Amino acid sequence: MSRFRLVLLAVVALALASAAVVTWRQHRRGSPVYSLRQLADAARARDRAAIERYLDVGRTAESVVDEANSAAGALGAADPGLKPSLVAAVEQSVWTALLDSLATLEGRYQGLAGVEERGEVARVGVRIRSEDADSAFVVHLRMERAAGGWRVVGVEDLGPYLQASLGRRQERAHETEMRSDLRNLVTAQEIYFSGHATYAPSLEALTYSPSPGVRLEIIAASGTGWRAVARHEAGTAECRIGVGTGVPPGDVEREVKCSAPIR
């Protein structure tokens, strides 16, 4: 569930969209944003019954899981069989965040991004600060008219953000694999050197195999040094390591150096 944690926090942050004073003043009583303000107030009061008047936790949780699974599916990481347990976990996480973690969420809200009201359905766009704090993303609350106001029933447009978030996690995992393979390559080269008085020019000479998906290339191997580059077939980052005369300028011998992924 760790990959969904930020999404869960975003869902709760959406419930706080009307907490800003300007929002309160600019939207009429009975409007979708007014109902969000009521939801935020109910959460601050830890009034579970009042929260449920303005938020259908079950339907909202299911919509988050559906978007998360769709994004994960685009990256080959979805498991539809997990949906029931994920929905239950998201529901619990939403309740925990609403009742216990409001203080940590208020700083994430960065303003409204539009309100669309069409008959019995409304969409409220909310801008939320992203994980890296250098950018923001916009998601939309789907709301339906209910007795006494409006009720949140889903979250839309999480897909692009989720794909980017999962992509960053995969990049970090690929980098970890490449770093490990390059360090293991150093050990293999030292064993080879002890028997040949020179470093191996290829993986075939070492009978060494990297992790699945990782491509290693040994460059400029000689009796005085070597260097190697690692790339992952599903990633964009590149890692390198050098020994002796093969150490690239500015690098430290036997220390893996990785470039940032190409965006």
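Student: Which residues does glutamine 189 touch, not counting residues up to four places away in sequence?

Tutor: Glutamine 189 touches Tyr199, Ala200, Leu206, Ile218 and Trp226. Keep in mind that this is a predicted model.

Student: What makes these count as contacts?

Tutor: Contact means heavy atoms within 4.5 Å. Glutamine 189 meets that cut-off with Tyr199, Ala200, Leu206, Ile218 and Trp226.

Student: Where is glutamine 189 placed?

Tutor: Glutamine 189 is in helix H8, which covers residues 159-196.

Student: Why is glutamine 189 called buried?

Tutor: Its relative accessibility is 0%. The cut-off for buried is under 20%. Therefore glutamine 189 counts as buried.

Student: How far apart are glutamine 189 and glycine 225, in sequence and in space?

Tutor: They are 36 residues apart in sequence. In space, the distance is 9.9 Å from C-alpha to C-alpha.

Student: Why is glutamate 171 called buried?

Tutor: Glutamate 171 is also found in helix H8. Its relative accessible area is 14%. Buried means under 20%, so glutamate 171 is buried.

Student: What makes the link between glutamate 171 and threonine 236 a polar contact?

Tutor: The two side chains are 3.0 Å apart at this contact. A polar contact needs a pair of N or O atoms within 3.5 Å, one able to donate a hydrogen and the other to accept it. The pair is therefore listed as a polar contact between side chains.

Student: What makes helix H3 largely enclosed?

Tutor: Of the 13 residues of H3, 10 are buried, so the helix is largely enclosed by the rest of the structure. Among the buried ones are Pro32, Tyr34, Arg37 and Ala43.

Student: How do you know that the span of H3 is close to the expected one?

Tutor: H3 reaches 19 Å from its first C-alpha to its last. The expected value is 18 Å, at 1.5 Å a residue. After H3 comes arginine 46, with a positive phi near 55°.

Student: Which residues touch the most other members of the largest nonpolar core?

Tutor: They are Ile51, Leu55 and Met143, in a core of 32 residues. Helices H3, H4, H5 and H6 each give two or more residues to this core, and so do strands E2, E3 and E4. H6 gives the most, with 7 residues. A second, separate core has 22 residues, including Tyr208 and Cys239.

Student: What does methionine 143 contact, leaving aside its neighbours within four places in sequence?

Tutor: Its contacts include Pro32, Ser35 and Leu36. Val121, Val124, Trp150 and Val153 are also among them.

Student: Which strands are the edge strands of the open sheet?

Tutor: The sheet has 4 strands in the order E5-E6-E7-E8, with antiparallel pairing. E5 and E8 are the edge strands, and each pairs on one side only.

Student: How do you know that E5 and E6 pair?

Tutor: Pairing needs at least two bridges. E5 and E6 are joined by 6 bridges, so they pair. They run antiparallel. Isoleucine 219, for one, has arginine 227 in E6 as its bridge partner.

Student: How many helices and strands does the protein have?

Tutor: There are 9 helices and 8 strands. Of the 263 residues in the protein, 43% are buried. The protein exposes about 13000 Å², and carbon and sulfur atoms supply 49% of that.

Note on methods:
Residues numbered from 1 in each chain as written. Predicted model: local features only at pLDDT ≥ 70, side-chain atom pairs only at ≥ 80, totals over all residues. Heavy atoms only, no water. Buried < 20%, exposed > 50% of the residue type's maximum accessible area, 1.4 Å probe, protein only. Core = buried A, V, L, I, M, F, W, Y, C linked by side-chain atoms within 4.5 Å. Expected span 1.5 Å × (residues − 1). Areas by Shrake-Rupley, 256 points an atom, 1.4 Å probe, with all protein chains shown as cover.
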